[in-house]
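I opened the model today and kept notes as I went. These are the entries, in the order I wrote them up.

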Amino acid sequence: MTELADVPATTTGGHDDRVAFEVNGSPVTVRRSHPHLLAALREELDITSPKDGCSPSGQCGCCTVFVDGKATVACQYDLAKVEGKSVVTLEGVDETERQTFADAFAACGGLQCGFCIPGIVMRAKAQIDKKGADLTRAKMAPHLGAHLCRCTGYVKILDAIDAVAHGQVCTPALSNDIGGGGAKYEAAPLTLGDRGYIDDIRMPGMRHAALHLTDHARADVLGIDTSAALAAPGVEAVFTAADLPGELRVGLIHKDWPVMIPVGGRTSYAGDVLAVVVADTRDHARAAAELVEITYDVLAPNTDARAALDPTAPLSVWGTENNVLSTSAYTRGDKFETAFEASAFTVHETFHTQRIEHAFLEPESTVAVPGPPRPGLEEPRSEVGGTLHVYSGGQGVWDDRNDIAAVLGIDPAQVTVELVSNGGAFGGKEDMSNQAQTALAAWLLGVPVKCTLSREESMRMHAKRHPIELEYWAGCDVEGRLTALRVRGIGDSGAYASVGMKVLERAAGHACGPYRWQALDIETIAVRTNNLVCGAFRGFGANQAQFAMEGVLDRLAEQVGISGWEIRKRNVIRPGDEWGPGQIMDDGAGGAEACLDQIRSSYDEAVASGKAVGLGLGLKNSGLGNGFREVSKAVVRFLATDGDRPGRIEVRHGWTEMGQGVHTVALQVAAQELGVEPERIDVIVDTTRELGFGQTTGSRGTLMVAGSVSAAAAVALADGCAVGVDYEGEYVVDWTQKLGDPNVANPTIHAVFSFAAQMVIADPETGDIEKVVAVHDVGRAVNPTLVEGQVEGSVHMGLGYALSEDFPTDPATGFPTNTTLRSLGILRAKDVPDIEVQLVEVPQPRSPFGIKGVGEIGLVPTAPAVAAALHAADGEWRTTLPMRPPST
Ligand code: FES
Ligand code: FES
């Protein structure tokens with residue numbers, strides 16, 4: 001049952017308990033007990049432009065401010081040292097200068113999710129103040145070493161800084177048509193840190209929640225003692241699984257993920273939650289969460305996926321029947337053995353890819369606010385509130401709503417989930433993280449509650465990119481035409497299902513790459529272990545499979561004696577060809593060869609110049625298919641005029657803005673189709689309208705939002721755009737088929753594919769990566785500036801994936817060996833080579849405006865292109881990622 005402690009007074013103390021200094025020109029005093037300057041600025045002074053991406057470790061740069069004129073990471077600055085000093089945050093910078101930065105970042109496309117940008121602006125200002133027009137990109141890049149940006153690849157960030165340093169006048173504008181390269185929606189307030197994220201939300205009476213995570217990846221929970229936590233300063237309540245009024249487990253596909261592990265239950269991975277503590281401040285909640293005492297019976301974890309497949313292995317996950325999450329298999333064409341034996345050249349190789357942390361810069365945060373009963377609803381079950389408004393940064397707010405309602409045991413209509421555009425996700429915010437626990441606390445206490453994860457908690461809790469072992473047997477004829485392919489893959493999916501089965505299914509489907517084969521024999525298995533949960537991450541299984549596929553292709557090319565470009569050209573999939581499990585490719589598939597042809601001149605030139613050159617060609621479906629009826633809805637609503645000003649226009653849709661620009665797509669489509677100024681449009685995502693249709697995943701958001709917004713605009717225009725009317729439009733994809741139906745010989749498994757060819761140029765002596773040329777077919781680029789930014793960010797992520805990124809767990813415990821951002825091996829700005837992006841537009845049949853999508857395909861060809869370039873430099877074939885881990 002809920003236990004409520006007496007609420008102690010907030011610690012204010014006397015004069016000695018406070019520290020005096022100046023912020024943005026005004027004297028302030030704050031509690032001395034704050035752990036660092038950032039906490040004082042954000043939690044007591046409500047100054048929110050400095051963002052908290054990793055406090056107190058000082059590794060992301062998001063909290064950069066000036067202390068006595070020097071750029072400083074505030075989460076590493078002790079409050080005792082700030083006494084008497086002058087602190088300047090972005091809020092305190094001269095208004096003209098603020099506008100100059102906002103204009104430059106907006107015009108140059110220098111931001112995506114925006115979370116890292118305010119800190120980077122302060123760092124840039126420090127350098128521009130010092131060096132003025134002498135500040136070059138090359139001089140600025142090392143100073144960005146104190147910062148991380150997971151979205152942009154730094155290219156356009158440096159463009160924007162360069163523009164400010166050289167006094168270039170930037171006049172950004174929103175675009176009013178499809179294909180216009182205008183600014184990103186909300187670019188200026190995001191640049192200045194004025195467009196809040198969830199952790200920036202403040203409201204009267206709001207309490208703070210912190211989670212107690214498990215100490216063991218696999219252990220029986222014998223007891224939970226909350227008494228010490230309840231007695232801690234500021235604590236109001238401690239909740240455990242025993243307090244859940246409804247369902248214990250949630251999940252996107254299987255409901256197997258416990259919101260909290262109860263007494264009598266068993267933990268299954270390092271991110272399991274045992275208790276949620278609610279207090280008056282974040283610090284009090286976090287301190288008390290450590291005081292929750294758990295009695296465990298510790299069990300040996302399964303941390304080896306192959307060993308966990310052994311029928312005698314213990315069960316990894318409490319409540320399941322075996323450790324096989326899924327098996328995805330198909331054969332097509334001739335018999336594999338016959339075709340393989342008849343091949344002129346063959347390769348047999350095993351590849352290993354690593355676990356990767358998303359490292360979005362904004363850790364997960366949720367605010368839940370109880371409200372009064374909604375008219376017309378049945379008597380609410382809670383004695384303290386009838387409705388709940390939840391601010392979520394998740395990738396599917398309708399899924400969040402339904403699972404929150406199930407956990408609370410209430411009607412989904414009592415829960416409204418509002419999306420707050422998040423600070424990056426890349427797939428890692430598809431599953432709920434702390435939404436249900438925060439909602440529970442707010443519901444039971446009847447007060448607003450916020451819970452924001454620490455960086456370490458974030459890294460432990462959300463799903464990762466799968467490590468997959470892939471064994472390939474491949475053959476070709478004497479001219480290099482592909483014959484037979486057999487693949488056996490084992491993916492470590494961690495404990496809970498998440499979407500792990502879909503990731504391994506996608507790995508199986510994409511295992512043959514964008515090529516024609518005579519014989520295919522493919523099988524991948526997703527295995528439950530006690531390692532970190534793995535699920536959705538940009539590329540969704542295609543990255544791993546095509547690292548291996550492209551690797552065997554290059555080995556075959558060498559045996560045949562032809563170039564990497566030539567073997568791809570001889571085998572590339574074309575419209576009308578049968579692909580993978582049997583899909584007949586439509587005219588959109590012309591994009592694969594178009595990318596290859598487009599990159600040829602750059603490839604030939606680089607090879608001729610004596611460089612070490614590697615090429616990768618990839619494809620990725622756009623998350624619509626397998627026989628599902630996929631529906632996207634949107635609402636256009638005209639509001640009344642405001643005095644002399646024309647009324648604003650609301651555009652509601654159901655897709656998550658996480659930096660990729662889906663709101664900008666909605667805005668540009670609405671502006672074009674309605675013929676209105678884009679400045680009049682507000683883009684909104686919440687569950688007040690039934691527009692829900694699953695997760696924003698697989699690059700499907702752009703085409704789905706474009707289709708539904710244009711349909712809603714057509715309905716509005718047909719009715720004369722009356723004020724106050726919800727004009728709803730929908731776009732439906734219902735022509736795909738499931739694999740395995742005996743009546744469908746060639747199922748259209750995926751509605752849309754994107755294609756890309758990437759070339760990596762390395763120094764032939766050192767192997768240093770000098771340049772990446774990325775040619776992407778996106779069908780139609782709604783906003784070419786944003787598309788370029790997506791590709792640059794993907795290449796940055798792909799180079800890290802290829803060379804240095806890893807997120808290993810300890811085989812003895814299943815816990816990550818390191819939980820700091822710096823340990824992940826993400827490339828810093830100075831390590832990013834030149835990236836040249838070229839866009840190809842081969843329209844997708846049946847897709848709105850011919851759009852295909854760009855986010856998912858982004859890094860599919862990068863790692864194999866790096867492997868081929870390094871092979872060209874030193875003759876060594878690589879089979880394992882990362883290829884240059886930082887420790888070697
Ligand atoms: S929050 Fe201070 S450096 Fe990351
Ligand atoms: S824009 Fe830099 S982290 Fe998203």
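Before the first entry, my rule for pairing: two strands pair if DSSP finds at least two bridges between them. Helices (H or I, at least four residues) and strands (E, at least two) are DSSP runs, numbered from the N terminus.

Housekeeping: this is a predicted model, where local features need pLDDT of at least 70 and side-chain atom pairs count only at pLDDT 80 or more, while totals for chains, interfaces and linings use all residues. Residues are numbered from 1 along each chain as its sequence is written, chains are lettered from A and ligands numbered from 1 in the order in which they are written, and side-chain values use heavy atoms, with hydrogens and water left out.

**Strand 2**

I started with strand 2 (residues 18-23). Which strands does it pair with, and in what sense? Strand 3 (residues 26-31) is joined to strand 2 by six bridges, antiparallel, and strand 6 (residues 86-88) by two bridges, parallel. I looked up two partners: Ala 20 sits opposite Thr 29 in strand 3, and Glu 22 bridges to Ser 86 in strand 6. The hairpin of strand 2 and strand 3 has two residues between the strands, and Asn 24 there takes a positive phi near 50°. Val 19, Phe 21 and Val 23 form the covered face of strand 2, and Arg 18, Ala 20 and Glu 22 the uncovered one.

**Helix 3 against helix 4**

Next I checked how helix 3 (residues 95-108) meets helix 4 (residues 117-131): their axes come within 11 Å and cross at roughly 115°. Axes here are lines fitted to C-alpha atoms, for helices over the stretch in contact, with angles from 0 to 180 degrees between N-to-C directions. Helix 3 brings Glu 97, Phe 101 and Phe 105 to the contact (heavy atoms within 4.5 Å). From helix 4 I noted several residues, including Ile 117, Ile 120 and Val 121. By class I get seven nonpolar, no polar and three charged residues; Ala, Val, Leu, Ile, Met, Phe, Trp, Tyr, Cys and Pro count as nonpolar, Asp, Glu, Lys and Arg as charged, and the others, Gly among them, as polar.

**The 28-27-26-29 sheet**

This open sheet has four strands in the order 28-27-26-29, with mixed pairing. Strand 28 (681-684) and strand 29 (727-733) are the edges, each pairing on one side only. Neighbouring strands are turned by 20° against each other on average, direction ignored. Helix 19 (residues 662-674) packs on the sheet, touching strands 26, 27 and 28, with its direction at about 135° to that of strand 28. Helix 20 (residues 701-718) lies across strands 26, 27 and 29, at about 140° to strand 29. Strand 26 (residues 630-638) and strand 27 (residues 649-652) run antiparallel, joined by four bridges, and Val 636 stands opposite Val 651.

**Single residues**

Is Ser 493 buried or exposed? Ser 493 is buried, at 0% relative accessible area (buried is under 20%, exposed over 50%, partly exposed in between, with a 1.4 Å probe and protein chains only). I found Ser 493 in the loop between strand 21 (482-492) and helix 15 (500-509), where the residues it touches include Leu 325, His 466 and Cys 534.

Leu 553, in helix 16 (residues 542-560), is also buried, with a relative accessible area of 0%. Beyond its neighbours within four places in sequence, Leu 553 contacts Leu 482, Tyr 515, Ile 567 and Arg 568.
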